[in-house]
Amino acid sequence: MFPAAFDYIAPGALDEVLSLLGQHGDDAKVLAGGQSLIPLLKLRFAAPVIVIDIGRVDGLEGISRENGHVRIGARTRHRDVESATDLRGTLDVLLDAAPLISDPLIRNMGTVGGSICHADPAGDWGAVMLAVGAEFVVKSAGEERVLPAAGFFQGPFTTGLQSNEVMTEIRIPVGSGKSGGTYLKLERKVGDFASVAAAVHIVLGGDGRVASAGIGLCAVGAHSIKATAAEAALVGQEPTDDVIAAAARLAGDAAEPKADIRGSAEYKRDVARVFVQRGLHTAIDRAQGAAA
Amino acid sequence: MKVTFEINGTAKSVDVEPRTLVVDLIRTKLGMTGTHIGCDTSNCGACTVLLDGRPVKSCTLLAPMLEGKKVTTVEGLAKGGKLDSIQVGFHEEHGLQCGFCTPGMMLVGKALIEANPHPTEDEIRWGISGNICRCTGYMNIVKAIQHAAAANATENTAGVA
Ligand SMILES: Cc1cc2nc3c(=O)[nH]c(=O)nc-3n(C[C@H](O)[C@H](O)[C@H](O)COP(=O)(O)OP(=O)(O)OC[C@H]3O[C@@H](n4cnc5c(N)ncnc54)[C@H](O)[C@@H]3O)c2cc1C
Ligand code: FES
Ligand code: FES
């Protein structure tokens with residue numbers, strides 16, 4: 001299989017990428033790691049006139065901390081999140097999710113921003129970003145927008161990104177409270193897309209009550225789902241077994257799974273519930289163990 | 001378009017259509033057929049090459065993405081007629097049957113022990129989890145990589161002493 005013919009350009013500067021995107025609009029496709037786009041090109045599900053490779057633009061890669069945020073360059077590879085062990089204790093859910101994305105070879109190429117922009121309902125980063133309350137910095141010629149993860153994922157492979165925009169950065173707020181999180185994923189075999197997965201991120205207040213809760217669900221709907229009712233049921237509460245079980249039930253209710261070869265809708269909904277319940281216990285244990 | 005890169009230590013400049021996949025460039029244009037095409041759908045790892053030292057799937061890579069990079073294929077493992085320790089490991093431990101997955105397995109194994117000289121069995125199994133073997137059941141592939149890691153360790157201590 002090989003793609004239909006296209007023009008290719010790999011600008012060295014973001015401005016050039018943005019002006020090309022402004023010029024070509026829907027005829028252009030941004031190329032990051034290529035681990036979703038190239039398979040689509042080969043299947044000819046995508047046939048852009050021009051492919052704009054952002055691989056040579058400086059400043060789009062890397063993880064840093066700044067002003068109460070962890071910043072992840074959009075072109076940071078899955079693999080580089082996997083090895084960012086200093087995120088342990090602050091953003092456990094990222095470190096737990098990264099090694100479960102596909103296989104080591106895809107993780108060496110695939111990028112966090114590419115996965116978010118691709119918006120596969122079974123993509124893992126979507127659920128994670130909803131759980132941690134991330135914001136996405138997107139740029140077009142002469143404009144910058146900051147889009148919250150909540151509301152960004154609108155349908156299968158459909159997001160709030162316009163065709164003339166590039167995602168440059170993911171910003172994740174990290175407070176000073178005690179936080180914990182985790183990612184649980186059911187897959188048919190190692191390296192597979194999720195049958196069901198759940199991302200959990202909790203911050204505890206000084207009084208031991210839940211100060212904030214983030215829960216994202218993967219592969220149980222038309223897009224990554226933020227389980228807002230479950231989150232609300234936790235905030236301000238002491239995280240007892242009953243509170244956790246009730247929140248997990250609400251998260252299961254938020255799932256909108258479809259039956260397929262991987263399982264019935266009922267089964268997947270229950271896996272989502274169980275994962276959120278287990279995930280919350282782990283997140284709270286970790287937060288309670290964490291230094292303030 | 002022109003793409004300039006290094007393959008197995010040799011600088012190359014090729015004229016390709018942008019849509020050319022790296023695996024086709026290597027096999028057809030450069031005539032090196034050690035890099036295999038298994039699934040052609042990014043799932044099997046038969047097409048594994050090292051890109052700046054990291055294993056990637058060359059069926060899921062466009063030729064222009066190689067610009068300025070270093071590629072290693074299975075043909076680049078042996079140096080001056082001497083097998084690389086990973087090749088010796090696969091030979092000694094019989095880490096193959098049909099051999100179709102072997103180039104990819106060896107490149108992944110080599111990158112793995114370069115990053116982690118003393119991998120546990122679990123780490124090896126995790127490291128090769130993107131490469132499918134339909135024949136061996138993986139037991140001897142794991143042993144082959146362990147063999148190479150042990151050989152490298154001995155060689156390194158010998159060098160130090
Ligand atoms: C065999 C296989 C298994 C996989 N398994 C999983 C899995 O288990 N979980 C999972 O989450 N993913 C999985 N993936 C997908 C993988 O994570 C991809 O890396 C990811 O979806 C896309 O990232 P990329 O950098 O490769 O993007 P690309 O393929 O380069 O681009 C994907 C899309 O995003 C757009 N895009 C990319 N970057 C930007 C940007 N900065 N701004 C604007 N638009 C952009 C592109 O135009 C394109 O439409 C798998 C892929 C394969 C081939
Ligand atoms: S041929 Fe590339 S992964 Fe199978
Ligand atoms: S030896 Fe035959 S596929 Fe691995």
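Predicted model: local features only at pLDDT ≥ 70, side-chain atom pairs only at ≥ 80, totals over all residues.
Chain B contains five helices and five strands. Read from the N terminus, the order of these elements is β-β-α-β-β-β-α-α-α-α. The radius of gyration of chain B is 16 Å, close to the 15 Å that the globule rule gives for 161 residues, so chain B is as compact as a globular protein of that length. The C-alpha trace of chain B spans about 50 × 40 × 25 Å along its principal axes. Of the 161 residues in chain B, 50% are buried. Sequence separation gives another view of the fold: among contacts in chain B between residues at least 6 apart in sequence, 56% join residues at least 24 apart.

The next topic is the interface. Chain A contributes 32 residues to the contact and chain B contributes 27 residues. About 2400 Å² is buried between the two chains, and carbon and sulfur atoms give 64% of that area. In terms of specific pairings, eight residue pairs are in polar contact across the interface of chain A and chain B, both residues being at pLDDT 80 or more. On the side of chain A that touches chain B, the elements giving two or more residues are α2 (37-42), α3 (78-82) and α5 (104-109) of chain A. The largest share of that side comes from α5(A), with six residues. By residue class, the side of chain A that touches chain B divides into 18 nonpolar, four polar and 10 charged residues.

Charged pairs can be followed across the interface and then within chain A. Side chains of opposite charge can pair when their charged atoms come close. One pair crosses between chains, from B:Arg54 in strand β4 (residues 54-57) of chain B to A:Asp80 in helix α3 of chain A. In this salt bridge the N to O distance is 2.9 Å. How exposed are the two partners? B:Arg54 has 28% relative accessibility and so counts as partly exposed. A:Asp80, at 23% relative accessibility, also falls between the 20% and 50% limits and counts as partly exposed.

Within chain A, A:Asp192 forms a salt bridge with A:Arg188, and the closest N and O atoms are 2.9 Å apart. The two residues fall into separate accessibility classes: A:Asp192 counts as buried because its relative accessibility is 9%, whereas A:Arg188 counts as exposed at 51%. Another salt bridge joins the side chains of A:Lys226 and A:Glu231, with an N to O distance of 3.0 Å. Here A:Lys226 counts as partly exposed at 27% relative accessibility, and A:Glu231 counts as buried at 7%. Salt bridges also link up through shared partners, joining A:Glu66, A:Arg71, A:Glu169 and A:Arg171 into one network.

What does A:Ile202 contact, leaving aside its neighbours within four places in sequence? Its contacts are A:Lys178, A:Ser179, A:Gly180, A:Val210, A:Ser212, A:Ala213, A:Leu234, A:Leu280, A:Ala283 and A:Ile284. As for the position of A:Ile202 relative to A:Arg171, the two residues are 31 residues apart along the chain, and their C-alpha atoms are separated by 17 Å. A:Arg171 is one of the members of the salt-bridge network described above.

B:Ser129 lies in the loop between α4 (121-127) and α5 (139-160) of chain B. A polar atom of the B:Ser129 side chain is 2.6 Å from the backbone oxygen of B:Trp126. Not counting residues up to four places away in sequence, B:Ser129 touches A:Asp103, A:Pro104 and A:Val190. Of the helices named on the side of chain A that touches chain B, α5 spans residues 104-109.

How values were computed: Residues numbered from 1 in each chain as written. Chains lettered and ligands numbered in written order. Heavy atoms only, no water. Contact = heavy atoms within 4.5 Å. Buried area = accessible area lost by both parts, 1.4 Å probe. Salt bridge = Lys/Arg side-chain N within 4 Å of Asp/Glu carboxyl O. Polar contact = N/O pair within 3.5 Å; in protein donor to acceptor, adjacent residues only side chain to side chain. Helix = DSSP H or I, 4+ residues; strand = E, 2+ residues; numbered from the N terminus. Nonpolar A, V, L, I, M, F, W, Y, C, P; charged D, E, K, R; others polar. Rg over C-alpha atoms; globule rule 2.2 N^0.38 Å. Buried < 20%, exposed > 50% of the residue type's maximum accessible area, 1.4 Å probe, protein only.
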